[in-house]
Amino acid sequence: MGSFTEETGSVLPVEFISYECEVNQDFKKYLSNHNFEHFGFNYNVVTILGSQSSGKSFFLNSLFGLHFQVMDAKLGHSQTTKGIWAAFVTNDAKAGNKCSLVIDVEGTDSRERGEGRLTFEHRSSLLSLALSDCVIINLWYNSLGNLTSSNYGLLRTVVEANLELLNSTENEDHPKTILLFCVRDWFEEIAPIGMELIHIYIYISAETVKSYVLTKYMTSIWNEISKPEKFKDLSFDSIFNIEIFGLPNAIAKPEIFKSEVESIRNLWETKIRPKSYSRRVPSDGFFLYANNLWKTIMEQDHLDIPSQKEMLSNYRCNEIKNVAIEAVSYEIAQLLSQSQKEVIPDFRISATDVILKAIDTYLLQASRYEKKISSSVANEMIVTLCEKMQPIFDANVGHFTKGLVIKARKLLGDEFMVQTEDKDLQISGKNPLEVWPKFLAKCQKIHENLQGELEGYSREYTLEHTYQDLKIQYTFDIGGVTDYLGVCIKNEIDLERARHLELLKSHLESLCNFSFKNVSSTLLQRNITGEIFSGIINGIIEQNCDNAEKYSESYKGIVGEIKDNEFLCFIRIVVLNNAEENLQRIESAIVDTVVARFESFFQYQEYNGESVPRDWTKASEDILKGSFADSRKDALSIVQAVKDYKPVNISIPQCTIDADHLLYRDFQVKRERISSLPDNIEEKCKSKFYELYRYAQTLQTAGSSLSGWKNVPPLFWLILLILGWNELRAIFRTVFKIQIVLPLLVAFFFLVNWVSTSFLATARFITYLRAILLFQVYCSNPRPDSANVNVHYLMDREHCHP
């Protein structure tokens, strides 16, 4: 690794390519450690080619103040520079903020290289011409005219390599390579004029040598080589700028050598040196460019310089892009954190500012590369940044989306509000048969309207801005928030659908329940058999199935697409399950039904086509017992009728329902016919039977014991009054005057007589009072409807029957 030398302003050289032709990766660190990447195009590359041990390294050290290793003449001629070395020069004050890379190439005609020397010579020449603004050809004066020692073969290789590079590009403005011929050991004894003016002497000699080089070397080589079609009519000076200098021997004439080197340096800095790197490779991409060139040369592949530059531009611009994106990662993270808490009010402005900051960072270096590629990568960077801000957009719009979900819930609730007026089911004031068939269509309309609101809101986040020939135009992907809104609204719709499907099912069940309402009163009739009972129940079931079919469109409107037989399967399962529930209810209440039947048969009898309460006061004991036995038998006959029930022959069609169906579980339920009749029904009814029997027996006994007092003649009451007059007079004397009491007593006597005559007997009057008391008892502890009717009939009969 090289280090900076304060005396010369140069950096100690470093190996660029090893003797084994491997690129030294430390060369990249070498450049980076000396901030080479910050020079942009403000640098130049100078390379020297020449024979081994021809003083190349010594000349570079003298010209640029470097420290390349030089040959020790005392040890004889040997290979000193192995491979390719480079040095970094920054002491160029006249050039301003510029630097130079000076490359020292291993000498040609090397004995150490052996048979591989020509291959390395070609490769190193090709690399030198591809990288260098200026190629120095180091020649010995006394070797001019020779074939090998004069580097004639090297010069031919240089010309052919340069043609190869130029032929690979279609750019007509490709910069000319500067060929600087340095003729060494030019002694003054060979000068055509005297020694008085050494500079003039060298100039004249240089013109002579220049003419020789141009005619004997360059022209000859140009005419010999095979040229591409587009170069056949051109001369060699169309691709080269040739400069020739002569230098005396550095040992024999050190002062003159030093002076001439200084002159060459001044001429390089003021006239020859390009203003910027002619190969138009930014300094930060130089190592990668050189590395790729050498790799291509080593693979003996076609060296396409434009492609190499394009590859470099693409690679470096992408590297710079990544750095620019990383530079704004903190701002993106801050925006994301804020968006998760609240809506960012100026999202477009904030996002544009982030992108502009990244563009500034990117263009600071990327603008040095090919504009087409740098602009393309810049656009890619803008897209990448927008994609990184997609979660911010999603979170920001997500807040709005949550509001839309709440709005959807309210709209669905208002559209399908369930109402019950006068026990009639209504949906938002309409008949369900009008609303349910259009259920999904209305839900879809609500979804589409909310989707439109979301899309309109999302368009407000579109980024549009123009900055330094770059157009920022990006529409964020609303797929995520759209899917989120769709899922949420679907969930809300599914909840509403499930609610209304359950409501439809409940509505069908309520209609079925209503049809079973009169079954309990039917069970109180006489002569109910199993066949009659089965006919009643099965008729209700069949009628319910027929009535439910009118809800087919309602079912389709809520569910959507349905399979074959799906609705028929649904309604039959609902109707049959409901019928089974009602049957179980009837069976569970069989004890109460039997008791009600017994009471109806025992307490009532037919009179003029109507059922009227029995008058147990006139009945004999035998009649009472016979009626009890008949009523019990008739009451218990209903049990066998229920047991003999034969289920209706209604089949459920086959229909496979998906597991995600809203009524999947309902389709899986089909209750089997299982009797729920309790055991020992007669035993459970016995106590109630005897309770009613004892009540009737009480009435019958009371009627027998009190039926005679109504026949007592009025004369008996008059005699009783006369005989007990003194006692009665003594009792009432202190309270009333005799003139008032006597008429009242007489009136009371006749009133009592009239009452007893009107009610036929005192026993009947007592029965009436007892009936009133029983009515109060029934009100506080109600019996089945038939028992209440018995009491009312009893009261009416006692009041109005003669």
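Reader: Where is the place of Ser51?

Author: Ser51 lies in the loop between strand S4 (43–50) and helix H2 (56–64). Do keep in mind that this is a predicted model.

Reader: What makes Ser51 count as buried?

Author: Its relative accessibility is 11%.

Reader: Which feature does UniProt place at Ser51?

Author: The UniProt record, an unreviewed entry, gives "binding site" for Gly50, Ser51, Gln52, Ser53, Ser54, Gly55, Lys56 and Ser57.

Reader: Why is Lys56 called buried?

Author: Lys56, which sits in helix H2, has a relative accessible area of 7%. The cut-off is under 20%, so with 7% Lys56 is buried.

Reader: Which residues is Lys56 in contact with, leaving aside its neighbours within four places in sequence?

Author: A contact needs heavy atoms within 4.5 Å. The contacts of Lys56, with those neighbours left aside, are Ile48, Leu49, Gly50, Ser51, Asp104, Val105, Gly107, Asn138 and Arg184.

Reader: Asp104 and Val105 belong to strand S6. What makes S6 "mostly covered"?

Author: In S6 (residues 99–105), 7 of its 7 residues are buried. Cys99, Leu101, Ile103 and Val105 point one way, while Ser100, Val102 and Asp104 point the other way, and all are buried.

Reader: How do you know that S4 and S6 pair?

Author: Pairing takes at least two bridges, and S4 and S6 have 6 bridges, in the parallel sense. Tyr43 stands opposite Cys99 in S6.

Reader: And what joins strand S5 to S6?

Author: Here too there are 6 bridges, but S5 (residues 84–89) and S6 run antiparallel. Trp85 has Asp104 as its bridge partner in S6.

Reader: Let's move to helix H12. How does its reach compare with the span expected at 1.5 Å a residue?

Author: H12 (residues 390–415) has 26 residues and reaches 35 Å from first C-alpha to last, close to the expected 38 Å. The helix does bend, by about 30° at Gly398. Gly398 is among the buried residues of H12, as are Val397 and Thr401. The buried residues of H12 pack against several elements, including helix H9 (329–341), helix H14 (439–459) and strand S13 (470–474).

Conventions
Residues numbered from 1 in each chain as written. Predicted model: local features only at pLDDT ≥ 70, side-chain atom pairs only at ≥ 80, totals over all residues. Heavy atoms only, no water. Helix = DSSP H or I, 4+ residues; strand = E, 2+ residues; numbered from the N terminus. Expected span 1.5 Å × (residues − 1). Bend = angle between axes of the 7 residues up to and from the residue. Buried < 20%, exposed > 50% of the residue type's maximum accessible area, 1.4 Å probe, protein only. UniProt positions renumbered as here; feature names shortened; annotations may be inferred.
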